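This report looks at how the chains of an assembly touch, and at how the parts of one chain are arranged.

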Amino acid sequence: MAGDIWVLAEHWRGRLSDLTLELLVLGRELAGGLGVPLRAVLLGHGAKDLAKGLGAADGVLAVDDPSLAEPNPEPCSRALEALLAARAPRALLVPWSNTSADVLGLVAARSKVPLANFCRDVRVSGTDLEARCVLYGGKMEVTVTVPGPTAVLGILPGSRASSGAKVDRAPAVEDVAAALPAELPVRFEAYVEPAAGDVDITQQEVLVAVGRGIQTQDNIELAEELAGALGGAVGASRPVIDQGWLPLTRQVGKSGATVKPKVYLAAGISGAPEHVEGMKNADLIIAINTDPQAPIFGVAHYGIVGDALDLLPALTEAVKAKKG
Amino acid sequence: MKMVPDIVEELEVAADGKSLDLEAARPIVSESDDHALEQALLLKDRLGATVVAMGLESPDIDDVLFTAVAKGADRAVKVTGVEPPVPTSEVAALLAAVIPAVPDLMPVDLVLTGCQAIDDLDGMVAPFLAERLHIPYVGVVTGAEIKAGEARATVLKEYAGGVRARYVVALPAALGVQAAEKPPRYVPVAKVRATMKAAKIETVDAPERDAPSPLAVVRMTKPEAAGHAEMLEGGPDAVAAKVVELLTARGLL
Amino acid sequence: MAIATTDLAGAPGELTLDNLLGTPEGRELLSCIQCGTCAGTCPYGEVMDYPPRRLIGLLREGMLEEVLASESLLNCVTCYACMAKCPRGLHLTDVLLPLVKEQVFVRLPEVPAELQKALANTLRYGNPMGESARKRAAWMATAGVPVRVLGQDPAPVDVLWFVECYTAYHPRGQDNCRATAKLFHVLGTDFAILGNEEKCAGECGRLVGETGLFDALADANLKLFGKYTFNRVVTSGAHAYDAFRHQYPARGFTHPVEHTTPYFARHLEALKPRLTKKLGCTVTYHDACVLGRHNGFYEEPRRLLQAIPGVKLVEMAHNRINSMCCGGGGGGMWLDTYYKAKGYERLADRRVREAVATGADVLAVSCPYEVSRFEDSLKVLGFEKKMVVRDVVELLAEAVEA
């Protein structure tokens with residue numbers, strides 16, 4: 001009811017996203033601090049099964065409509081707008097991801113409620129909500145009070161551990177009518193899969209990832225050699241993919257894959273949130289960057305201030321020597 | 001097109017402890033806005049559309065608008081009477097108020113801007129503008145196609161793992177561009193300089209600023225790294241040896 | 001054989017392809033005897049669709065359009081070989097080629113990504129690497145000797161040392177900086193740098209066809225020069241030297257300018273007594289295109305090298321006027337990916353093979369681009385244990401004991 005904490009349950013191709021679970025853990029803290037229930041909002045078509053995974057919430061508001069079968073910002077934001085108007089929760093936590101990015105902006109705009117974006121953490125401060133948000137590609141943090149009665153917050157990956165939401169409890173599910181128009185101005189047509197036949201970086205035990213610091217397409221060979229010597233593959237951050245130097249399937253991060261290899265070597269990657277989100281859970285993260293202040297050193301286990309172009313060949317040689 | 005602080009430079013907190021030191025910061029056009037312009041120009045190349053580039057008055061915006069015209073935009077419009085900093089929610093509100101007042105502009109078929117900027121704390125221009133103009137919106141767009149004479153666009157939206165999805169959007173619509181189909185084109189400096197002499201940037205006055213950001217800033221700080229990497233010192237060979245040790249210790253070599 | 005000099009009258013921008021034939025240099029072009037020596041000596045001759053011979057032939061017939069619509073002139077690394085060998089001494093690399101390349105550049109449907117980035121970065125940050133201008137003088141912290149920055153201490157100075165981009169920002173360039181500062185200190189030179197105010201001289205941008213960028217940079221640098229009082233400019237950048245020596249005078253720059261190599265050669269008598277450490281190596285010297293073929297400084301670097309104790313000098317097969325370009329000029333520094341995609345051999349690889357064949361331990365250079373280009377080639381060709389690359393100033397500084 002009014003004043004609740006809500007989490008938008010994001011699902012992709014039949015599975016709840018890990019980010020949704022992180023938001024439930026965060027949401028539970030906020031709900032507890034304000035003494036209100038935590039609810040998950042599940043928008044979809046024939047996706048009620050997914051409610052089973054939302055046991056960390058006190059209840060699930062399920063909206064079912066054919067237009068919600070595939071991700072689509074138009075019906076999603078309309079449905080949320082109606083829900084917000086009817087129930088006035090204190091906060092709607094939205095996962096900050098490609099899947100939910102446009103919904104985040106649209107629902108705040110359409111509901112005419114405040115939006116706090118890039119939230120790394122949110123806490124209850126008296127009866128207020130205080131959010132710590134990341135700006136300027138990770139270079140600054142700003143703490144803001146998020147006013148009521150209702151607000152939308154975009155939550156970055158990594159605010160909480162998703163394991164805290166993996167509970168064995170089936171939540172109460174309330175079906176809510178969609179009231180969506182039959183004709184929508186945005187219609188989903190089809191998925192466009194990436195080119196098949198390339199390496200699946202999510203299955204690799206060793207990833208050598210390159211960023212802007214690799215400087216030219218030629219130099220990617222240096223990473224390939226090291227990856228080869230270690231029995232792994234080459235991944236990349238967005239700028240390298242955008243240049244067309246590696247296929248889309250190699251992208252690590254928000255628009256790419258989330259990877260959890262045994263070793264992740266980040267060469268010439270600054271560590272912007274969009275990238276870090278995709279690799280922060282790797283077992284061993286070693287970062288190479290010429291800038292000692294690069295944000296990547298905040299997430300890496302080991303760091304080297306230096307030029308990837310010098311270090312990659314040195315590493316390859318040392319690895320080859322060790323292997324004999 | 002929106003200006004944001006260039007993160008190539010070091011950023012500092014201002015004396016008030018709540019905002020960015022604007023003296024130290026250097027403005028640059030938001031990267032995805034540059035892509036939005038490129039996508040617009042690609043549509044112009046293919047369809048012969050008219051492209052209007054717009055921005056709020058701020059340092060270096062003239063450069064950006066003239067460059068847009070030099071690249072092929074047909075008109076450049078600057079909203080004057082606004083002192084930065086302007087929070088994103090206000091940028092959208094001001095643009096929405098001003099756009100109908102720009103002579104010979106509305107109706108437009110497409111409004112394109114970057115889907116998100118690095119300073120989008122309290123809003124995003126694209127969806128906020130879409131709502132005010134009562135047009136549909138799709139974000140994270142990486143491609144757009146329009147067939148002449150049809151009141152709809154087919155857009156590509158990017159998801160995770162390299163997967164994209166195709167949507168059909170009724171026009172007029174707003175698109176939040178993540179990346180254009182091609183990287184932003186180059187325009188020779190001489191052409192930009194010539195454009196600065198020959199072209200004019202139209203101006204429209206901003207209305208009263210009556211929609212301040214709803215968020216109250218408590219403080220701004222440089223982030224403390226939650227943890228920090230253990231730094232390995234030495235030249236490339238020494239460091240390489242240490243890394244090999246690390247990998248061996250974990251049974252990876 | 002005449003080697004054309006380039007002291008052209010006329011204001012910048014006055015000379016165009018349209019009015020070229022109305023000028024003395026242009027009319028000279030008409031006297032081309034179509035011998036093809038230019039094409040034969042071009043390092044990328046095998047992929048150069050329009051060597052100067054063909055350009056002049058087409059120019060004479062008013063049929064240049066096909067050249068301007070082609071990308072082929074991107075293969076020209078402005079090494080001055082054609083101009084140096086032309087039996088007529090025609091103004092090729094200094095007059096004809098830049099005008100043609102400018103028009104080619106403006107018509108390119110897509111500028112290769114790496115080159116585009118370098119040019120955009122140079123315009124915005126004053127250096128092609130895209131590093132903050134505020135970090136341009138960061139190398140001073142490790143210079144080891146005091147370095148005066150004119151912005152902080154604007155008193156008149158003898159030498160304005162124009163450091164240049166690769167020297168200031170690239171780690172190997174910074175080795176050069178430290179060595180140069182040390183040598184100035186040893187000589188007791190009264191010198192100062194522009195520090196963070198300095199911007200790229202933009203010569204390579206000009207020679208790839210971005211003349212507008214060059215103009216913008218020249219305006220900025222000339223304004224900067226106008227703020228301070230100095231007797232001469234000494235620069236570590238070979239291409240910067242070319243810009244100041246040949247392009248800036250027509251824009252009102254009247255100070256004498258030298259590149260560091262000839263400058264130190266001129267002061268060799270004073271430097272010699274301090275060159276006490278025996279280096280014990282065999283050195284082969286690569287003649288930089290700009291310093292050698294374009295400006296005639298062949299013997300100065302050799303005199304410096306021979307003055308270093310324990311240095312044995314050997315020559316590569318192609319030396320002095322025949323030197324083989326490293327491929328960094330005319331935009332080549334940022335076209336490696338483009339050339340590779342087209343399957344061209346890397347010019348620096350060719351040169352390094354020749355250097356290694358001399359049996360020398362050290363490949364000595366005097367242009368900042370050459371260091372990274374040749375070091376890359378040594379790695380790629382597997383020779384990095386056989387030979388190292390050192391700038392002449394690095395070797396000199398090494399020979400100076402504390």
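The paragraphs below treat the chain contacts and then the domains.

This is a predicted model, in which local features need pLDDT of at least 70 and side-chain atom pairs count only at pLDDT 80 or more, while totals for chains, interfaces and linings use all residues. Residues are numbered from 1 along each chain as its sequence is written, and chains are lettered from A and ligands numbered from 1 in the order in which they are written.

Between chain B and chain A, 70 residues of chain B are in contact with 72 residues of chain A, two residues being in contact if their C-beta atoms, placed from the backbone, lie within 7 Å. On the chain B side, α6(B) gives the most, with 10 residues. Strand β9 of chain A (residues 140-146) runs antiparallel to β11(B), joined by 5 bridges, and T143(A) stands opposite R219(B). Helices (H or I, at least four residues) and strands (E, at least two) are DSSP runs, numbered from the N terminus, and two strands pair if DSSP finds at least two bridges between them.

The contact of chain A with chain C takes 6 residues from chain A and 7 residues from chain C.

| Domain of chain C | Residues |
|---|---|
| domain 1 | 20-107 |
| domain 2 | 113-266 |
| domain 3 | 272-399 |

The C-alpha centres of domain 2 and domain 3 of chain C lie 22 Å apart, and their contact takes 32 residues from domain 2 and 29 residues from domain 3.

Note on methods:
Domain bounds come from an automatic or database domain assignment.
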